[in-house]
Amino acid sequence: MTPVSAPAAFDPGAAAARATAAILHDTLHGTERGVVVDSPPGAGKSTLVVRASRELAAAGRRLMVVAQTNAQVDDLVLRLAAKDPELRVGRLHSSEGDSYDPALRELPSVTLSAKPGDLAELPITISTAAKWAYVKDVEPWQHAIVDEAYQMRSDALLAVAGLFERALFVGDPGQLDPFSVVGAEQWAGLSYDPSASAVSTLLAHNPQLPQHRLPVSWRLPATAAPLVSRAFYPYTQFRSGTGPGERKLSYGVASDGSGPDRVLDEAAEAGWGLLELPARHTPRTDPEAVGAVARVVRRALDRGAVTCDEQSSGPVALTADRIAVGTAHRDQAAAVRAALASLGVGGVTVDTANRLQGREYDLTVVLHPLSGRPDATAFHLETGRLCVLASRHRHACVVVARAGIAELLDDHPSTEPVQLGVTVKFPDGWEANHSVLAHLAEHRVSWRP
Amino acid sequence: MPLLSTLARLEAVRAGRAQPLATVRHRHLSDNPLVLVPLTTAGEAGAPLGALVGTDRNEPRVFVIPQPRDRDLRWAFLADLAVHVLAHIEAYADDVEPAERSETDPETGKRVKVETELCVDAPQLIVPSRAGIEYVRLLGRSMRFRRTAEEDPDNPYPAPSRVPLLGRWFTHLGERARVPGSSMLVSATDLLSRHWATGQSNLEDQHLGALLAWIDPPAGRSGAEAALRAELGRDEHGQLLCPPAGPATDPAFDNRLLAPAIARYDAARAALAAGPGDDDREVRTAERAVRRLVVDQMSSTWRATWEAIDLLRALPPGERAEERWTRDRWSYTGHRDRVRAGEPPQPRRDDAVTAAQKLATRETEQVRLDAQEALDDPLVMAGRRLAGEAFAGEVTGVVMEWTESKRPSPRPLVTVSTQDRPQLADGGAAKVYRSLDGRPQSAQFVRFEEDGQVVLRLLDKMGRGRDPEPGSVPEEGDRVCWTLFEHDARGGPKLPDPERTPWTHGGPPGSGAAVHLPDAVTDEDIL
């Protein structure tokens, strides 16, 4: 375990390299059928998957890679091709037209097919779990890499696990748990509860499997890693790859003294900013809060925000494609998109927490899931939702919320029934929400639009 | 809660009576449903106190157990219940029609059509409340593992012959009730609250009396007043005017009326057993007293349940509800076949594959139900439109275009003017669907015009020729409703057979790798 109060000599590069070496050793030379890797946000999970894929292929093991969405699959194929243009990769896609990124057609090393038979001879075949589930009656693959395994449901793993002999499971335990639109309580507590995550089933049946952890987040800045680590990963803390002051966000234009400008200044300074609107119960698409979110984005662009970090030699202008807005609900995202369009802002990613998983931006603006609500339901309290929203940024995160969330939380302690045999998840959403809120309160800017 | 239901509830408060949530009936209602009103004993799981059962509202079959903790009496009750309920369930078993089912051929692995039979109708069981469904499930669990004297001659306490079979059917019905849109075992409160919004909370809607009071308040009273009276009103003896729909009873009834009556019955039985003489008049009098009390508790719920059925019958049936009922008929036929084939009762716990299969079925059915209800009912569709999941409007322009190929197919562009705000994003190329003579026609979203009009490109259902078949392309001025969701649900992939459960899920059931359960089952564990 990485010491929490590490001495000054903590070398993030070396720590990460040690963890990676151990993972690869267990994967290539271990005796167990599975290896599990927990990866906090931005800890180089994709890099690890690419590296492990190449090493397994180099060792002559026929490899299948299971990801959860088509976008994740395409991203992996592109990364593999960029890293090793010679390595032949099969992209198994759905038979329905254009489910893959057309850019893949340009890659000479990549074979695209909807039929697994066409790809059987290739060293690596990549597809989504949903597509793999339809692959039947084939020679099993020697090895598999299951990406985003904590977001994969147990029943999805059941459908594909017969296809491989051994597997490396990689994922982030802090993100959103998989869910079902129908009740699955009748199986709660069973080791193979089909609605649970693939990793919880895997470990319930195979507790002896080696478990590793990536210790360094390369994405989160030094201002964010301690909070995210403490609030969402209290027992498996991680550190940021960069130290304090190594990343800077600044603006070409001075503040005009308005709420959005002040919160942007606070976020540039501290990495976090809370723009607090007056307390009020509102519909989900609270027009004032949505407007405030759009205003913050608009001002960040208008003020000529510039970022400095370890990846570039000089300052880089913050462009719209490096900004994301995160919400809890799709209608909120739609409302923010409309508000941004009316302010003449385009190119900013606006999406729900579910769809922002695994993505990375320089600046994020988050509409707090509990803002303006009269109640705190399990959905809005879910730890993973807040964790995703609070861990997408490389520089700063601005949260927009109505006042009164702390009181709302105190009025709504978690009331989910406790099920026998279900491992209790720590921290619970209530606790995590409180710790994030307490930290945000130190960077609060009150504003009446 | 969807915005439209919230609005309906607010309107119900203001109007003082329930507001419709649907314009058609979204669940199948049998012409001859079997209504079951069970009551249970406080403090002991699965100890029925009595039940009213029947298909004729004027002549319920009455069952009462004068001493519910006496297990001999309990099993005698369950044996009676089994005879009566199974007669109804099995009455549908032999009326069949030929049907086709696709199966996987074990030799070739291909999907092939198999001739089979399908029961033309299936039984429908209606209980007063959701707790009643749970109770059916509990009774099923307590009965299905019992062994009869024929099955196990050495058993010192054999179960009456039909009891295990009723347990299996109750279990089947209980599991089926978890499938969204299924109507084989339904509760009156669920049926009513699907179709009406009251001015009270969902939890309060679980009280059948209060729910009916909102939907059909007595003249001169508001729904809120009538519901309050149904919930809390008591007579001069402190008894509820409207007894709970059960299976739990009111503690005031238990303490003041039921407990003394049962005590008198126990005393009479003890006196008879102690002798002298064999005059059981006292026992029978005491038994009748208990019976009167219990029947009195159940009969208002019995009437309320039939009242709920009347209210629902008044709604026109939803077009696609029948299709869902066909799935119930398949489920009934399937279980009939399993029973006839002599398969063992459903296991205590699902194995990994069965659990995953059930979950997949239910998710598919949920998607299907959501889509079908919206297509059947403009009020439900309005809710989806409000959520940006559908949009309706008028066609303002059609531009014919064709695919670029040797045999061009029509791909017309249709512009729709709508007040709705569908969640479509430029560049997303999302698909939308509309119902064309009951079958879905798909189109691709192209762009929003400056003035908010939606431009779509029709993709299919226009025939094989170069020119679209008449009626397959909307014309200017047509009203159209497009949905962002598909109209039918696709089932998931086939899962491995249970005996091929992979290592990640503990291997095949019963293998060494299987994990031990947290609470081991003992021989005594009959529930």
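**Exercises on a two-chain model**

The contact between the chains takes 30 residues from chain A and 29 residues from chain B, where residues touch if their C-beta atoms, placed from the backbone, lie within 7 Å. This is a predicted model, in which local features need pLDDT of at least 70, side-chain atom pairs count only at pLDDT 80 or more, and totals for chains, interfaces and linings use all residues. Residues are numbered from 1 along each chain as its sequence is written, with chains lettered from A and ligands numbered from 1 in the order in which they are written.

**Exercise 1.** Work out how H8(B) and H9(B) run relative to each other.

*Solution.* 
- Start with the two helices: H8 (251-274) and H9 (281-313) of chain B pack at about 160°, their axes 8 Å apart. Axes are lines fitted to C-alpha atoms over the stretch in contact, and angles run from 0 to 180 degrees between N-to-C directions.
- Next, apply the cut-off: over 145 degrees counts as roughly antiparallel. H8(B) and H9(B) are therefore roughly antiparallel.
- Finally, look at the residues: the contact includes Phe253(B) and Leu257(B) of H8(B), and Val283(B) and Leu293(B) of H9(B).

Methods
Two residues are in contact if their C-beta atoms, placed from the backbone, lie within 7 Å. Helices (H or I, at least four residues) and strands (E, at least two) are DSSP runs, numbered from the N terminus. Angles under 35 degrees count as roughly parallel, over 145 as roughly antiparallel, 65 to 115 as roughly perpendicular and the rest as oblique.
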